[in-house]
There are 2 protein chains.
Amino acid sequence: MADANVITYEALVARVGRIFLRHGVRPESARVLGRVIAAGERDNCQSHGIYRIEGCLQVLAAGKVDPVAVPEIHDAGGPVIEVDAGGGFSNPAFDAAEGVLASRARETGLAALVIRNCLHFSALWHDVEALAAEGLAALSMCPSYAVVAPAGGREPLLGTNPLAFGWPRRGGHPYVFDFATSVAARGEIELRRRAGAPIPEGWAVDRYGNPTTDPEAALAGAMLPFGGHKGSAISTMIELLAGAMLGEFMSREALEVIGGAGFLPRHGALVLAFDPRRFAARSGRDPLAEGERLLTAIGAQGARLPSERRFAAREVALRDGIALTDAEIAQLDAFETR
Amino acid sequence: MADANVITYEALVARVGRIFLRHGVRPESARVLGRVIAAGERDNCQSHGIYRIEGCLQVLAAGKVDPVAVPEIHDAGGPVIEVDAGGGFSNPAFDAAEGVLASRARETGLAALVIRNCLHFSALWHDVEALAAEGLAALSMCPSYAVVAPAGGREPLLGTNPLAFGWPRRGGHPYVFDFATSVAARGEIELRRRAGAPIPEGWAVDRYGNPTTDPEAALAGAMLPFGGHKGSAISTMIELLAGAMLGEFMSREALEVIGGAGFLPRHGALVLAFDPRRFAARSGRDPLAEGERLLTAIGAQGARLPSERRFAAREVALRDGIALTDAEIAQLDAFETR
């Protein structure tokens, strides 16, 4: 790989931002999208990196997302803050409201952010990491597209419904998990289909509800939730809390409205922020020091913490730059000129 | 079974309450304990029914719980309400604070209850069902005893850490799940040990970290979280949010402090209450009607909703009474006279 393919994180943020600007996205939003996508590349999460630009441009071209939407914050001073993305991307809406959410959580211990009416394409770790950087614990969830059958069922009804959690650690990366509540991500089945490889048992059922290891049959059928009926229950909770409760789309309606899983999904999201110092105050204990006792003990057993690989990749990328493939460079060039 | 063994729910509440009164528990708390234990029997959750009285009397006799503790509510008017159980049982503390929690959630959309310094023995569905009956969604979690190894680890560090969720349904039982984040409940391994039966693969590792199907080796080793690294991450989150964040014991300290898994555990708990009507207000949608679309569609696939069996048992018990075994009757008699 030539050195010319190595780009700094900051330069990639700017370059991706310019692509969105060129495609009509307002500057404030284009900058946020550039940051989110460059962060995916930086953390070696390629499925949320440059790869995503295509899907974003597709929804822009199809008029499924408003490129100049200005997020509108509704804050009555209570624990529930709302931001209406106005049919734009979710990340600029979160970005606009994050300061209010963090301040409210610090003032009173607990606050929630409702993100409405947005096109959602990014991982949720961005949100919980941003809050962890402010010393807050955070829980984030959203529906997606109905491609998962409930445990014991056969038809797609639930989304891959991601759940993310962040917990601040002093002088280090936060504890962060962010995963789909399906056994696997839909992209992993798609990759196996392209490679002509079977999928593991337990990932999916075919359209008749029978277990299958054929990626084609799985994509025509339904994926399964992780962890059997427990994971199915958690996925259902996400539909209820981050869909029905907000009056935003659940996964089935999200799919119906946008007209097929070929497009990025449109729905809401729920982010809860907790201030551990406020919650622990009456105990006289230091909640972050307590958290460290657990997290270091997990590491001492040789068990890996979630996101460790991502943080390791980030450190390398911030030090040495992000090495893009020739294909990625060509893609960026094409996006900038088309 | 003789008719003499059939008892109404209300009579069982009173009878169990009298047992606790007789063992020095203050009347208000004895009544709550009677209700919780009778509800376990009523719902055919025998592991949380009369069976639990023995363990409660044990901690009372050992001085590990304060029978006359009066729960003390700390409410600064914000979204986080605290109740100090004063070393008593958790249920009377929740009972004392539930009204404040529910009112706060209805006023502002979101509120949390921190339960401190309590002996915990009951299922969490009691709490989320009580809130669902008030039209609120609720999420409840707590640590327990360190008997579960993190995914990829080998030593007990996490508890069976239950997670419960409730969602109100008009004119019917709420959507409720309540499960251990371990693959199985510890009691299920204990039952197999007594029966001389093996446990399924994937439930536990022995003390050397090797997979085992021997219940004895499993009890000497560590149980495993449900759903691999995802379940392990959720269990870790519960330790952090309902242990470290509150400044209350996490599962390892809970075990160390009380001196062995033979006693019921002592720790805190976190309950979040959401008012769907407030969260949905700006959307113009009816959140409970939206929730029904999902829940009825799950049922229409022939998939069972969590707690369905429990609610069916409850309906039978409330109509026909609760049929106790001769052994249970004898046990109640013995508790009342000893």
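In this predicted model, a contact between two helices of chain B is formed where B:Glu28, B:Ser29, B:Val32, B:Leu33 and B:Val36 in H2(B) meet B:Asn91, B:Pro92 and B:Asp95 in H4(B). By class, the residues that make up this contact of H2(B) with H4(B) are 4 nonpolar, 2 polar and 2 charged. The axis of helix H2, which spans residues 27–42 of chain B, comes within 9 Å of the axis of helix H4, residues 90–108 of chain B, and the two cross at roughly 105 degrees. Because angles of 65 to 115 degrees count as roughly perpendicular, H2(B) is described as roughly perpendicular to H4(B).

Both of these helices also take part in covering a further element of chain B, helix H5 (residues 125–132), which is mostly covered, with 8 of its 8 residues buried. The buried residues of H5(B) are B:Trp125, B:His126, B:Asp127, B:Val128, B:Glu129, B:Ala130, B:Leu131 and B:Ala132. The elements that cover them include, besides H2 and H4, strand E5 (137–141), strand E6 (162–167), strand E7 (175–180) and strand E11 (266–274) of chain B.

In soluble globular proteins, nonpolar side chains tend to be buried together. The largest nonpolar core of the model holds 230 residues, of which A:Ala138, A:Ala273 and B:Ala273 touch the most other members. When residues up to four places away in sequence are not counted, B:Ala273 touches B:Leu101, B:Ala102, B:Ala105, B:Ala111, B:Leu131, B:Leu136 and B:Ala138; one of these contacts, B:Leu131, is also among the buried residues of H5(B).

Between the chains, 58 residues of chain A are in contact with 59 residues of chain B. The elements that give two or more residues to the side of chain A that touches chain B are strands E3 (80–84), E4 (110–119), E6 (162–167) and E7 (175–180), together with helices H8 (228–242), H10 (276–280) and H11 (287–300) of chain A. The largest share of this side, 8 residues, comes from H8(A), and the residues of the side as a whole divide into 32 nonpolar, 15 polar and 11 charged.

Chain A is superposed on chain B by a rotation of 180 degrees with 0.0 Å of shift along its axis, at an RMSD of 0.0 Å, and the two copies are thus related as by a two-fold rotation axis. Of the residues of chain A, A:Gly227 comes closest to the rotation axis, its C-alpha lying at 2.0 Å. Because 100% of the interface residues of chain A are also interface residues in chain B, the copies meet through the same surface.

Definitions and conventions. Residues numbered from 1 in each chain as written. Chains lettered and ligands numbered in written order. Predicted model: local features only at pLDDT ≥ 70, side-chain atom pairs only at ≥ 80, totals over all residues. Axes fitted to C-alpha atoms, helices over the stretch in contact; angles between N-to-C directions. Helix = DSSP H or I, 4+ residues; strand = E, 2+ residues; numbered from the N terminus. Parallel < 35°, antiparallel > 145°, perpendicular 65-115°, else oblique. Contact = placed C-beta atoms within 7 Å. Nonpolar A, V, L, I, M, F, W, Y, C, P; charged D, E, K, R; others polar. Least-squares fit on C-alpha atoms with pLDDT ≥ 70 in both. Core = buried A, V, L, I, M, F, W, Y, C linked by C-beta atoms within 7 Å. Buried ≥ 20, exposed ≤ 12 C-beta atoms within 10 Å, placed from the backbone.
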